Amino acid sequence: MGKRQLPFAGEVVILKINTKWILEVVSIMINKFFRRAKRMEETIDVKGIEIEEFPKTLGDLAKTDHLFYRFSQSSPGRSEEKVFAQYIPGQITEAKDNEKYLSFVTEKTIASCFMYGDMITRLNFNLDDEAFKKIANTPIKYIGNALGEYESKYLLVEQNYSLRDITTIEMLFELVQNSSQLNSLFYYGSLDQRLHEFGYKESEQLVKYLKEEFNKNIHITPDDMRSKLREYIKNIGS
């Protein structure tokens, strides 16, 4: 037999294709795609919380590196929401409305929640705390939105911090994450105006001063704003 010659350019070459082999290859590729998609679904980033499975309970959230807060009211009528609940340190608060559970957020967005009360309420998510163990299996609902909000039927209160005290204003600004949150504090709902309505004059004067500094330089960083806040407190204390 003579040697088989290679086709010249332009010639059409018909190859015998193993259909079964192609189907097996396509099947393998499809399976790999769906396995990868499943892994991507199982690793979820919720406002900086990345764990292998979406947190389903308060106990799941307690295993993250986050702190959890909400704003609460010292008396009814101090929130844009019409719902009022008491948050007493060391006690578990239970939602009375089954259609609207207790909301809370992480340290990343609490500074933008000031319109919901006149106290910063720090929540207890300590897995070793006997009181928290009672509610650790409570299901949570991730609402999301701009605040990265969660809801739960039960919350354990660690401590309340009144906006009446300038140390709480300092705490609030320590929790500010970016310039957008600064703008929110000064112009979305106007923190100084809310403090005026509450009659918290010392805190109001501090926030007005910070607002003036912000107006001078709207690109001021949260760290620089905190420096001005500490300088203000130092000056009024001397």
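This is a conversation about how the terms used for this predicted model rest on its computed values.

Visitor: Why is Thr-57 called buried?

Guide: The relative accessible area of Thr-57 is 17%, and the word buried is applied under 20%, so Thr-57 qualifies as buried. Thr-57 sits in the loop between strand 2 (49-51) and helix 2 (58-62), and, not counting residues up to four places away in sequence, Thr-57 touches Ala-136, Asn-137, Thr-138, Pro-139 and Ile-140.

Visitor: What makes strand 3 and strand 5 a pair?

Guide: Strand 3 (residues 68-72) and strand 5 (residues 102-106) run antiparallel and are joined by two bridges; pairing requires at least two bridges, so the two strands pair. In one of these strands, strand 5, Thr-106 is the bridge partner of Phe-68.

Visitor: How do you know that strand 8 pairs with strand 5 and with strand 7?

Guide: Strand 5 and strand 8 have three bridges in the antiparallel sense, while strand 7 and strand 8 have four, also antiparallel; since at least two are required, both count as pairs. The partner of Ser-103 in strand 8 is Glu-151, and the partner of Ile-140 in strand 8 is Ser-152. Strand 7 and strand 8 also form a hairpin with four residues between them, and Asn-145 in the turn has a positive phi of about 55°.

Visitor: What makes both faces of strand 8 covered?

Guide: In strand 8 (residues 149-152), Glu-149 and Glu-151 lie on one side and Tyr-150 and Ser-152 on the other, and all of them are buried.

Visitor: Why are strand 4 and strand 7 said to stand at the edges?

Guide: Seven strands form an open sheet in the order 4-9-6-3-5-8-7, with antiparallel pairing. Strand 4 (92-94) and strand 7 (140-144) each have a single partner strand, so one side of each is left without a neighbour in the sheet. Neighbouring strands of this sheet are turned by 45° against each other on average, with direction ignored.

Visitor: How do you know that the buried residues of helix 6 line one face?

Guide: In helix 6 (residues 191-198), the buried residues are Leu-191, Asp-192, Arg-194, Leu-195 and Phe-198. Viewed down the axis of helix 6, these residues fall within an arc of 160°, so they line one face of the helix. The buried residues of helix 6 pack against helix 4 (166-174), helix 5 (179-187) and helix 7 (201-216), and helix 6 is followed by Gly-199, whose phi is positive, near 80°.

Visitor: Which residues have the most contacts inside the largest nonpolar core?

Guide: That core has 33 residues, and those with the most contacts inside it are Phe-71, Ile-169, Phe-173, Leu-182, Phe-186, Leu-191 and Met-225. Strand 3, helix 4, helix 5, helix 6, helix 7 and helix 8 (222-237) each supply at least two residues of this core, and the largest share, five residues, comes from helix 4.

Visitor: How many residues does this core draw from each of domain 1 and domain 2?

Guide: At least three come from each of domain 1 (58-162) and domain 2 (166-237). Apart from this core lies another, of 19 residues, among them Ala-62, Phe-68, Leu-156 and Val-157.

Conventions: Residues are numbered from 1 along each chain as its sequence is written. This is a predicted model: local features need pLDDT of at least 70, side-chain atom pairs count only at pLDDT 80 or more; totals for chains, interfaces and linings use all residues. Side-chain values use heavy atoms; hydrogens and water are left out. Axes are lines fitted to C-alpha atoms, for helices over the stretch in contact, and angles run from 0 to 180 degrees between N-to-C directions. Buried means under 20% relative accessible area, exposed over 50%, partly exposed in between (1.4 Å probe, protein chains only). The arc is that of the directions from the helix axis to the C-beta atoms. Contact means heavy atoms within 4.5 Å. A nonpolar core is a set of buried Ala, Val, Leu, Ile, Met, Phe, Trp, Tyr and Cys residues joined through side-chain atoms within 4.5 Å. Domain bounds come from an automatic or database domain assignment.
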